[in-house]
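My notes are kept in the order in which I went through them.

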Amino acid sequence: MPINKIQMKFINNKIALTFFLLLFTSVITSAQEIIKDSVVAPIKKIQSTGKQKIDGVIATVGDYIILDSDIDKSYLEISAGGGSVKDITRCQMLGKLLEDKLYAHQAIQDSIVVTDAEVKGMLEDRLNYMIEKIGSMEKVVQFYKKDSEEEFRTYFSDILKEGKLTSEMQNKIVDAVEITPEEVRNYFKTIPKDDLPFFGVELEVSQIVVTPKVSAEDKQKVIDRLNGFKKEIEEGSSFSTKAVLYSQDPGSRSNGGFYKMNRKTPFVKEFKDVAFSLAEGEISAPFETDFGYHIIYIEKIKGQEVELRHILLSPTVTETALNEAKEKVTLIKKRIEDKEITFAEAARTLSDEKETRANGGALINPQTQDTRFEMTKMDPAFYSQVSNLKENEISVPILDQGEEGKKKFKLITVTNRIDEHAADYAKDYIKIKELALKDKRITAIGKWFDEKIKETYVKIIGEYRDCTFTNNWLKK
């Protein structure tokens, strides 16, 4: 049956409620104590929206409780994060909290484990972010109305642990959902012509990268320094502390270099090869990837998963090496413009970026895994580099410095421009597949909620029993 506009609106509402503020899962929910059903939370008076309210248990999901004040705290957290709460009702907020509790409760039933090391890493990362935004640890503690840093850390660790349990349970559900080409076709056929998704202007982009050469002497300095770290750690120094102080990996530095990974986790091959060759408690020798030189320490091995810490250092690039790289990329640009070689041929034979070299320099959009980049969704820095390029025009040499701090020169060209258009099955298959998969995942999550709510002790108290929920929390 074709999806009419009312059905489409329902699907959009389902998405909004199911994935409501998913990015803030670990922030907007309040830490809840795990209780037995016979335990009642202490009642206290709180000030909310100008009226006196009695704060107590308003809902129970499995072993978790929700207090009336938790809804107010959720509003506060969203506002503090810059979000709007204008159109979010208390019933909707309670619905989101109920979902989070059921996810966390079921995660425990399914033996999903969140380690103290993971929570500690997340806590340090989040604290660094909050301190940067608010100004100091004292102000963070004051904002959350806690009496001490220790009290705040305990409180927020519980929030992060519950949030991690929630996200792990969500991932377990949706990761099991797959979709066939036939299902994608059938999904597309159900969308009325007037309701087809509309895609903005898209570009296909290729690049050539020239990285400055690093001398053998500078490489050896980095290797020697990492070997020095390894020796000090083996003699009792903290790997985590050294990672915080010295690692040049912005993605893990604040967490003490911590990563949890399995063989399917998207890391560079060299890194994974070393990680899975080490025993628990072992520290690797320095090894090289495209990002620089690393040492890895294996904290725990859990079946096919490892928990590790690493330190990344990159050799210093001299001004001479930078100038030589710029000269090389300028000569490549001239050869292409003089028709001596095509851009794709130059990328395959002269580019230093192995990820794009085999494809003639074509970039893959990490969000969609195809070659198209929608201009309205581009990273601002990338947008500024490509937005004014005409088709097949080559940019001037661009000095680019990635998050890891490595400098390189790039030439960029727009190989194809796709004007804004309504979805076309043949041209936009990958995007349509993603929409169909998302729809199937939403259905799977809805089915999961229906099943687990029936199996789980759920109780909603007082005026909140009059709420209209997306899920059947009242078991009517």
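**Ground rules.** I am working with a predicted model, in which local features need pLDDT of at least 70 and side-chain atom pairs count only at pLDDT 80 or more, while totals for chains, interfaces and linings use all residues. Residues are numbered from 1 along each chain as its sequence is written, and side-chain values use heavy atoms, with hydrogens and water left out.

**Overall make-up.** I looked up the elements and found 16 helices and 15 strands in the protein, where helices (H or I, at least four residues) and strands (E, at least two) are DSSP runs numbered from the N terminus. Of the 476 residues, 45% are buried, a term that stands for under 20% relative accessible area, with exposed meaning over 50% and partly exposed in between (1.4 Å probe, protein chains only). I then took the contacts (heavy atoms within 4.5 Å) between residues at least 6 apart in sequence, and 65% of them join residues at least 24 apart.

I traced an open sheet of 4 strands in the order 7-10-9-8, with antiparallel pairing; two strands pair if DSSP finds at least two bridges between them. Strand 7 (258-262) and strand 8 (287-289) are its edge strands, each pairing on one side only. On average, neighbouring strands of this sheet are turned by 50° against each other, direction ignored. Strand 9 and strand 10 run antiparallel and are joined by 9 bridges, and Lys-300 stands opposite Glu-307 in strand 10. Helix 9 packs on the sheet, where it touches strand 8, strand 9 and strand 10, and its direction makes about 30° with that of strand 9; axes are lines fitted to C-alpha atoms, for helices over the stretch in contact, and angles run from 0 to 180 degrees between N-to-C directions.

**Helix 10.** Which residues of helix 10 are buried? I noted Phe-239, Lys-242 and Ala-243 in this helix (residues 239-246). Seen down the axis of helix 10, they fall within an arc of 105°, so they line one face of the helix; the arc is that of the directions from the helix axis to the C-beta atoms. These buried residues pack against helix 9 (216-234), strand 9 (292-302) and strand 10 (305-313).

**Pairs of strand 13.** I found strand 6 (residues 202-210) paired with strand 13 (residues 407-418) in the antiparallel sense over 9 bridges, with Ile-418 as the bridge partner of Glu-202. Strand 12 (residues 398-401) also runs antiparallel to strand 13, through 4 bridges, and there Leu-399 has Phe-409 as its bridge partner.

**Contacts of helix 16.** The axes of helix 4 (residues 90-109) and helix 16 (residues 429-455) come within 11 Å and cross at roughly 75°. Helix 4 and helix 16 are therefore roughly perpendicular (65 to 115 degrees; under 35 is roughly parallel, over 145 roughly antiparallel and the rest oblique). Among the residues making the contact I listed Tyr-103 of helix 4 and Trp-448 of helix 16.

The axes of helix 8 (residues 181-189) and helix 16 come within 9 Å and cross at roughly 90°, which makes helix 8 roughly perpendicular to helix 16. Here the residues that meet include Tyr-187 in helix 8 and Leu-435 in helix 16.
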